[in-house]
Amino acid sequence: MSLTDLEAEASVPPASEVPGGRAIEGRSPWQLAWARLRKDRAAMISLVVIILLVVMALMAPLISKWVGYAPDFGDRKFGQTEDGLPVGLTGHHFLGTDRFGRDILVRSVYGARVSLLVGLVSTALAVIFGVIIGASAGFYGGAIDTILARFMDVTLSFPYLLFALALAAAFGASTPLTIFVITFFSFASIGRIVRGQVLQIKEREFIEAAKSLGAGSVRTMFVDVIPNLVAPVTVLGSMTIPTAIIFESTLSFLGAGSDPRTPTWGNMLSDATQSYTVAWWTLFIPAALLLITTLAFNILGDAVRDALDPRSERLFAAQKANRKKK
Amino acid sequence: MSQESDVLVEIDDVYKYFPIKQGIIFKREIARVHAVDGVSLKVRRGETIGIVGESGCGKSTLARCITGLHPITKGRIVFDGQDISNLRGRALKPFHRDVQMIFQDPYGSLNPRRRVGAIIGDPFDIHGIASGAERKRRVQELMELVGLNPEHYNRFPAEFSGGQRQRIGIARALALKPKLIVCDEPVSALDVSIQAQVINLLKDLQDELGLTYVFIAHDLSVVRYVSDRVAVMYLGKIAENADGEELYENPRHPYTSALLSAASIADPDAAERRERIVLSGDVPSPIRPPSGCRFHPRCPKAQENCVDVAPDLIVRGGDTASHLTACHYPVEAAENLAVETAAIEQLSTEPTLPSA
Amino acid sequence: MSLLEVRDLKVSFDTSDGLVQAVRGVSFTVERGKTLGIVGESGSGKSVSTQTLLGLTAGALIDGEALFEGQDLLAMSDEQLRRIRGKEIAMIFQDPLSSLHPLYKVGKQIAEMIRQHESDVSKAQARKRAIELLGMVGIPEPGQRVDDYPHQFSGGMRQRAMIAMSLALNPKLIVADEPTTALDATVQAQILDLMLRLQREFDTALIMITHDLGVIADLADDVLVMYGGKPVEHADRRSLYYRPHHPYTKGLLESIPGSTGAKTRLKPIPGQPPSLINLPTGCAFHPRCEYVMDRCVPEEPPLAAVNDKDGFPDLGHTSACWLPREAAGLSTEVERIRQEAVALGRTTGALGSTAGSTVVDAGEAK
């Protein structure tokens with residue numbers, strides 16, 4: 001084809017090449033989001049806190065060896081006062097002991113393992129099931145949608161705490177059961193939001209464009225729908241983790257989570273109800289850890305949402321809000 | 001009439017209704033939107049047919065019926081000798097190679113999470129035509145053809161301006177060398193100076209590649225500029241269909257006259273000279289369209305007959321064979337509609353100014 | 001004293017990507033009962049400049065003066081501005097649906113507005129006035145429609161309702177920001193017709209912001225053309241349409257498909273509008289200009305008077321361009337500059353590699 005004239009006429013380089021124009025690099029939406037996230041100081045501190053927690057949890061056996069106490073056994077020598085009370089923050093026990101003379105530092109780092117494991121695994125499972133069910137409901141519509149949407153509604157209307165206590169009573173409290181319970185009660189709320197997102201994405205013109213090119217529905221789902229879900233699902237996931245961690249601690253505290261002998265923050269809090277009047281640290285340390293962890297995840301989740309939602313859109317929203325004030 | 005082999009698409013009495021459903025589990029139809037209500041139209045090879053009309057007139061729905069995005073309710077669409085109206089799913093795939101669409105919204109019609117190379121290369125993937133390096137080469141050729149820098153293959157849509165994104169959409173539509181491109185308001189979301197760039201590009205591509213366009217727009221001057229023939233739609237029906245210049249110079253349907261007189265003119269003297277036919281009221285709902293001639297509640301020339309009998313789209317007295325008008329009382333050459341107001345069943349939207 | 005006098009208004013936004021210079025020094029005046037058209041493409045700063053006057057640009061860095069009946073709007077407190085907004089200056093937006101509250105009846109919204117500014121009006125009186133106003137803007141059966149919700153109105157009727165609301169308190173100035181862009185041609189004609197009639201009736205001043213030179217051709221007394229956050233040309237309507245001086249104005253007029261139906265090739269302006277974060281040096285339009293000279297790249301031209309038909313400087317017609325002061329495309333001197341620019345490949349559209357774009361167009365312009 002001889003299209004020289006045509007090409008010459010048509011070729012208009014992008015603004016990035018206009019002399020004096022701002023150079024725009026070929027950055028993906030993810031790179032842009034990461035750049036924005038990096039500027040957010042609170043988010044970066046939270047990220048460091050989370051990394052430290054993970055490292056601490058991974059190194060739990062090492063820490064246990066280093067301080068010389070196991071998580072499950074009381075220290076007969078220095079673990080209790082002569083009256084059988086927990087000891088405070090001493091050279092032997094940096095964070096004191098509980099009423100059985102067990103080292104709180106060691107129990108806390110082992111507790112972090114359970115909390116993070118349950119938080120991450122159940123969130124991951126909830127996201128997987130939520131996306132599959134929500135996306136199928138939204139994408140296929142019709143009877144499939146009706147059945148799946150009702151199923152999620154039913155799940156959400158379960159009295160989850162009673163259900164969890166009943167299961168624990170029937171099968172015996174254990175960590176896998178906790179994960180199952182948390183997943184079961186988190187996936188539906190994720191699924192509902194994903195379904196709504198898919199319904200919105202389905203109305204976008206690029207889906208029509210794919211259809212007009214002859215793309216099949218499976219391809220459209222994986223190429224055009226799912227990638228657009230990644231951002232909202234990332235946000236949802238990062239918001240679900242702290243909820244799951246608290247949920248786990250709540251169940252442990254009530255004795256319906258992990259085996260009451262396992263060191264978890266919830267079990268530690270539960271134990272502390274017996275001793276906090278004489279030993280404040282038994283309550284304070286697991287509570288502080290729980291607070292720091294959930295706070296860090298929440299701040300990070302918030303920041304991730306902001307980073308994935310470009311500023312221009314928010315600016316625009318602010319303008320609109322302003323107009324309405326009129 | 002021209003020979004049948006000339007005709008690329010024949011739209012024969014096509015209807016498209018959208019049911020409105022209510023109910024939570026057991027949905028039942030409570031009404032239907034008469035989006036396209038008996039449209040017949042022929043598109044000849046190599047020509048540009050413009051479809052104009054206001055929002056809700058069914059022009060975009062018609063476009064989606066032609067491209068197979070909406071299955072039609074009733075009627076027949078013949079594309080290149082093949083009846084496609086009853087094809088579904090896989091059987092439509094070859095048809096999707098020959099008919100492409102360019103969309104209105106340069107922001108919405110490109111998936112923001114995918115790179116431009118992947119977007120333009122989609123048609124090659126879907127139809128299994130090229131992959132790997134071959135696909136990349138052909139995508140870059142297309143990018144060059146529509147005036148994009150091929151080095152921007154790996155960029156994301158957000159990094160392009162509106163006009164450039166529309167070029168990406170055009171490149172995607174050209175990938176499979178289609179016979180027909182349906183353009184749904186391709187320039188109405190663009191700035192004026194960029195509109196002209198895209199219009200020129202579309203015209204050049206047509207000359208080079210021998211494309212046939214169905215060009216849908218609400219901007220009359222753009223349609224006049226690109227189209228060989230123009231069809232004016234009102235509430236799901238074609239009101240008038242004629243060669244471009246003929247329609248603009250000698251409109252016979254009162255709605256066409258009103259639409260033409262309402263178009264903005266970037267020339268103060270001409271704008272002051274022309275007499276606007278200000279139609280009363282709004283376009284009625286396509287859920288319960290008016291009886292008889294759809295335009296009668298707003299028509300300055302309406303008579304009793306118009307309320308009861310829907311006019312056929314036929315050649316009216318004194319017109320050439322290709323000028324079809326659906327009106328019982330077509331506009332005469334020297335007639336001035338600006339001074340008349342709707343005669344029948346009108347709800348006046350005349351301002352009631354305080355008596356000064 | 002002019003009704004509104006804006007002097008050297010500058011507005012910028014501090015974003016994470018850098019400082020967005022949305023408006024870089026705009027001055028204009030609006031007289032009582034007159035219409036000023038502000039024309040520009042997206043990103044030209046046309047909307048931001050008027051929104052700033054009414055305090056609707058939160059978080060913006062603002063500099064300059066805007067005297068409304070002698071009082072500086074930019075120096076006012078939020079409370080003072082709120083009293084002026086609606087009562088003295090009303091605004092009409094492109095999308096009426098976003099400016100009408102979806103959960104309140106249309107009539108009630110108008111009545112509330114009246115009562116907010118005139119506390120002595122009773123509810124019944126306000127409602128009566130709302131009905132009058134709806135009738136005035138041509139809403140059929142206003143007595144019944146007054147109790148409708150916004151979603152029960154069609155697009156054209158919502159825009160009418162917005163106009164009714166803006167007229168409710170007899171403002172001295174109405175700012176209409178693309179009031180008809182979202183509407184169909186026949187409805188647009190109705191609305192423009194209505195605004196013109198009401199303006200004459202009430203002697204209101206009007207600022208009409210639009211991207212479409214066709215909309216204001218028979219509406220505006222004066223027209224201000226903006227590009228890259230700055231005014232490039234300011235003239236009375238006829239001078240601007242028939243004797244444009246700035247190459248951008250000329251380009252805009254030429255890129256519209258003619259209403260005459262001539263099928264000569266369209267003449268687009270090459271390239272893209274500039275980024276407001278990092279503007280081109282000198283004249284912001286120079287990368288897209290077909291008359292570009294050496295001087296345009298380093299030096300930013302000021303607004304200066306353009307010669308009228310008889311060759312005398314016309315103070316009412318100013319243009320920010322280094323070209324000789326005759327109207328564009330008319331003098332041989334200007335034509336020589338254009339040919340020189342083409343020959344040297346200065347007009348790049350953006351970059352040297354695309355000089356062809358101008359060559360092609362130049363060849364066809366003959």
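User: Noting one definition first: domain bounds come from an automatic or database domain assignment. With that settled, what does the domain assignment of chain B give?

Analyst: Happy to start there! This is a predicted model, and its chain B is assigned domain 1 (4-227) and domain 2 (253-325).

User: How many Å separate the centres of those two domains?

Analyst: Taken over C-alpha atoms, the centres of domain 1 and domain 2 of chain B are 28 Å apart. Their contact uses 10 residues from domain 1 of chain B and 10 residues from domain 2 of chain B.

User: And how is chain C divided?

Analyst: Chain C has domain 1 (4-224) and domain 2 (267-365). There the C-alpha centres are 34 Å apart, and nine residues of domain 1 of chain C touch six residues of domain 2 of chain C.

User: Back to chain B for a moment. Which of its domains line the second largest pocket?

Analyst: Domain 1 (4-227) and domain 2 (253-325) of chain B each contribute at least three residues to that lining.

User: Nice. How much space lies in the second largest pocket?

Analyst: About 610 Å³. It has 33 lining residues, and the closest to the pocket's centre are B:V39, B:S40, B:I238, B:L313 and B:L324.

User: Which strand gives the most to the lining?

Analyst: That is β2(B), with six residues. At least two lining residues come from each of β1 (7-22), β2 (28-44), β9 (229-234) and β10 (237-243) of chain B.

User: Switching to chain A now. At what angle do helix α9 and helix α10 pack?

Analyst: Helix α9 (residues 205-212) and helix α10 (residues 217-253) of chain A pack at about 170°, and their axes are 11 Å apart. Angles over 145 degrees count as roughly antiparallel, so that is how α9(A) and α10(A) run relative to each other.

User: Which residues make the contact?

Analyst: On α9(A) they are A:F206, A:I207 and A:A210, and on α10(A) they are A:T220, A:D224, A:V225 and A:N228. Sorted by class, the contact of α9(A) with α10(A) has four nonpolar, two polar and one charged residues.

User: And how do the axes of α5 and α11 in chain A cross?

Analyst: The axes of helix α5 (residues 104-140) and helix α11 (residues 265-272) of chain A cross at roughly 135° and come within 8 Å. That angle makes α5(A) oblique to α11(A).

User: What about the residues in that contact?

Analyst: From α5(A) there are A:I104, A:R107, A:S108, A:G111, A:A112 and A:S115, meeting A:W265, A:M268 and A:D271 of α11(A). The contact of α5(A) with α11(A) divides into four nonpolar, three polar and two charged residues.

User: Last one: where is A:F184 found?

Analyst: A:F184 sits in helix α8 (residues 175-202) of chain A. Leaving aside residues up to four places away in sequence, A:F184 touches A:T155 and A:F163.

User: How far apart are A:F184 and A:S122 in sequence and in space?

Analyst: They are 62 residues apart in sequence and 8.7 Å apart in space, C-alpha to C-alpha.

How values were computed: Residues are numbered from 1 along each chain as its sequence is written. Chains are lettered from A and ligands numbered from 1 in the order in which they are written. This is a predicted model: local features need pLDDT of at least 70, side-chain atom pairs count only at pLDDT 80 or more; totals for chains, interfaces and linings use all residues. Side-chain values use heavy atoms; hydrogens and water are left out. On a 1 Å grid over the protein atoms alone, a cavity is a set of points where a 1.4 Å probe fits but cannot get out, and a pocket is an open set with protein on both sides within 12 Å along at least five of seven lines; lining residues have an atom within 4 Å of a point. Grid points are joined across faces, edges and corners, and a volume is the space filled by probe spheres set on the points. Helices (H or I, at least four residues) and strands (E, at least two) are DSSP runs, numbered from the N terminus. Axes are lines fitted to C-alpha atoms, for helices over the stretch in contact, and angles run from 0 to 180 degrees between N-to-C directions. Angles under 35 degrees count as roughly parallel, over 145 as roughly antiparallel, 65 to 115 as roughly perpendicular and the rest as oblique. Contact means heavy atoms within 4.5 Å. Ala, Val, Leu, Ile, Met, Phe, Trp, Tyr, Cys and Pro count as nonpolar, Asp, Glu, Lys and Arg as charged, and the others, Gly among them, as polar.
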